[in-house]
Amino acid sequence: MPNSFIVNDAALIYGENELWRLILSPLLVTSFWFDLTIVMPFWLCFFCYVREFQRGTATSLLYFNLINIALQLTSLPLAYLASQILSETTYADILSKECAFFNIFVVDLYQAMLANPNKPIDLLFCTVPQKYFALIVLFFANIVLPYDYVSILAVLIVGTTLHLTRNVDLLNPTIAKVERAVGCGRTCNMGSIGYITADEGKQNATSCTDHYVPFNRK
């Protein structure tokens, strides 16, 4: 079965050197209704589309894979530490096998909330800043889904790091240089197939009059 080939099994990735699972694990689908009809459309509309339009196709694809790897490599020492505390459980058993894509989605969601951290969110009995609302959502996700603590901590670490380094952009200029090199000094022109270059993405971001960020509207 395809799922068995790409499932995010830490014992196979780090024990058997099946490193392709690091890249392919976000493609794993375990629930038609949750993965394909709720999470995927939400992520495509509010995060993937905006990022590709403002940063380019190659940049968005590389960003997706780098964030995925960063999340999994962050989860590994956390799971190992937890396995030392819970001596009867191995790190591979602690690591989630099915939530690689969901982790990427939550990182994007968390960053969107940090974009306007002090925006008030009205709850049933109180009003909390948006940055704390994100933590409340993660807490209830652990109970309802359930969403494991190792994944939550990895999301918080990676998401916070990305937020703190948001003004440092190394990826987009690097992709732009590669695209110019491929185009012999000129930006590649592949708009007919829907490809957006890094330079075109930068122009789109500069010329955009509606700097829409999810959960950042007053």
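**Note on the cavity, the pocket and the cores**

1. The lining of the largest cavity divides into seven nonpolar, six polar and two charged residues. Here Ala, Val, Leu, Ile, Met, Phe, Trp, Tyr, Cys and Pro count as nonpolar, Asp, Glu, Lys and Arg as charged, and the others, Gly among them, as polar. This is a predicted model: local features need pLDDT of at least 70, side-chain atom pairs count only at pLDDT 80 or more, and totals for chains, interfaces and linings use all residues. Residues are numbered from 1 along each chain as its sequence is written, and side-chain values use heavy atoms, with hydrogens and water left out.

2. How many cavities of 30 Å³ or more does the structure hold? It holds one. A cavity is a set of points, on a 1 Å grid over the protein atoms alone, where a 1.4 Å probe fits but cannot get out; lining residues have an atom within 4 Å of a point. The largest cavity contains about 150 Å³ of space. Volume means the space filled by probe spheres set on the points, which are joined across faces, edges and corners.

3. Of the 15 lining residues of the largest cavity, Asn8, Gln72, Ser75, Leu95 and Ser96 are the closest to its centre. Helix H2 (10–15), H5, H7 and H9 each give two or more residues to this lining. H5 has the largest share, three residues. Helices are DSSP runs (H or I, at least four residues), numbered from the N terminus.

4. Now the open space. The second largest pocket has a volume of about 450 Å³. A pocket is an open set with protein on both sides within 12 Å along at least five of seven lines. It has 24 lining residues, and Thr30, Asp35, Glu98, Cys99 and Phe102 are the closest to its centre. H4 and H7 are the elements that give two or more residues to this lining. H4 gives the most, six. By class, the lining has 17 nonpolar, four polar and three charged residues.

5. Phe102 also belongs to the largest nonpolar core, which has 30 residues. Such a core is a set of buried Ala, Val, Leu, Ile, Met, Phe, Trp, Tyr and Cys residues joined through side-chain atoms within 4.5 Å; buried means under 20% relative accessible area (1.4 Å probe, protein chains only). Trp43, Leu71, Phe102, Phe105, Val106 and Tyr147 touch the most other members. Helices H4 (32–55), H5 (57–85), H7 (100–114), H8 (130–144) and H9 (149–164) each give two or more residues. H7 gives the most, eleven.

6. Beyond its neighbours within four places in sequence, Phe102 is in contact (heavy atoms within 4.5 Å) with Phe34, Val39, Leu145 and Tyr147. A second, separate core of seven residues includes Ala10, Ala92, Ile94 and Leu95.

Conventions. Buried means under 20% relative accessible area, exposed over 50%, partly exposed in between (1.4 Å probe, protein chains only).
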